[in-house]
Amino acid sequence: GYDMALRDPYDLLIIDVIMPGVLGTELAESLRRERPQAKIILISAFADELLSNTATRLGVALVSKPFSANRLYDIIAATLG
């Protein structure tokens, strides 16, 4: 996914924070360095204050699981402008 995100200009990247082999925050940070204009949403069932601060520092949206389709739609709309 990381290589694809660098190779292709996706409109939006939705990344789970807890994934096998890599944290979504690490992936988002790397993508920010390589593609600063990338639109990124992090999702997590463990969205605490520390994760919220990390998302803010990275300049990405954070949505906490569980969430409704309407909530996700609103976050996507806000992220894409």
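Modeller: Since the model is predicted, local features need pLDDT of at least 70 and side-chain atom pairs count only at pLDDT 80 or more, whereas totals for chains, interfaces and linings use all residues. Residues are numbered from 1 along each chain as its sequence is written, and side-chain values use heavy atoms, with hydrogens and water left out.

Colleague: What makes the pair Asp16 and Lys65 a salt bridge?

Modeller: A salt bridge is a side-chain nitrogen of Lys or Arg within 4 Å of a carboxyl oxygen of Asp or Glu, and the side chains of Asp16 and Lys65 meet at 2.7 Å, N to O, so the pair qualifies. The bridge links distant parts of the chain, with Asp16 in strand 1 (residues 13-16) and Lys65 in the loop between strand 5 and helix 4 (69-80), 49 residues apart. Helices (H or I, at least four residues) and strands (E, at least two) are DSSP runs, numbered from the N terminus.

Colleague: How many salt bridges does this rule give, and why is Arg57 called exposed?

Modeller: The count comes to two; the side chains of Glu29 and Arg57 also meet in a salt bridge, at 3.5 Å, N to O. That pair joins helix 2 to helix 3 across 28 residues. Buried means under 20% relative accessible area, exposed over 50%, and partly exposed in between (1.4 Å probe, protein chains only). Arg57 has a relative accessible area of 56% and is therefore exposed, while Glu29, at 30%, counts as partly exposed.

Colleague: How do you know that Arg32 has no salt bridge, and what does its side chain meet instead?

Modeller: Arg32, in helix 2 (residues 24-34), is buried, and the nearest side chain of opposite charge, Glu29, is 9.9 Å away. Lys and Arg count as positive and Asp and Glu as negative, while His and the chain ends are not counted. A polar atom of the Arg32 side chain does lie 2.7 Å from the backbone oxygen of Gly59. Gly59 follows helix 3 and has a positive phi, near 75 degrees. Beyond neighbours within four places in sequence, Arg32 is in contact (heavy atoms within 4.5 Å) with Gln37, Ala38, Leu58, Gly59 and Val60.

Colleague: Why are the buried residues of helix 3 said to line one face?

Modeller: The buried residues of helix 3 (residues 49-58) are Leu51, Thr54, Ala55 and Leu58. Seen down the helix axis they fall within an arc of 100 degrees, so they line one face, the arc being that of the directions from the axis to the C-beta atoms. On the other side, Glu49, Thr56 and Arg57 are exposed. The cover over the buried residues includes helix 2, strand 4 (40-44) and strand 5 (61-64).

Colleague: What makes a set of residues a nonpolar core, and which residues touch the most other members of the largest one?

Modeller: A nonpolar core is a set of buried Ala, Val, Leu, Ile, Met, Phe, Trp, Tyr and Cys residues joined through side-chain atoms within 4.5 Å. Of the 14 residues in the largest core, Leu13, Ile15, Ala28, Leu31, Ile40, Leu42 and Val60 touch the most other members. Strand 1, helix 2, strand 4 and helix 3 each supply at least two residues of this core. A second, separate core of five residues includes Ile41, Ile43, Val63 and Ile75.

Notes:
A polar contact is a pair of N or O atoms within 3.5 Å; within protein, one must be able to donate a hydrogen and the other to accept it, and residues adjacent in sequence count only if both atoms are side-chain atoms.
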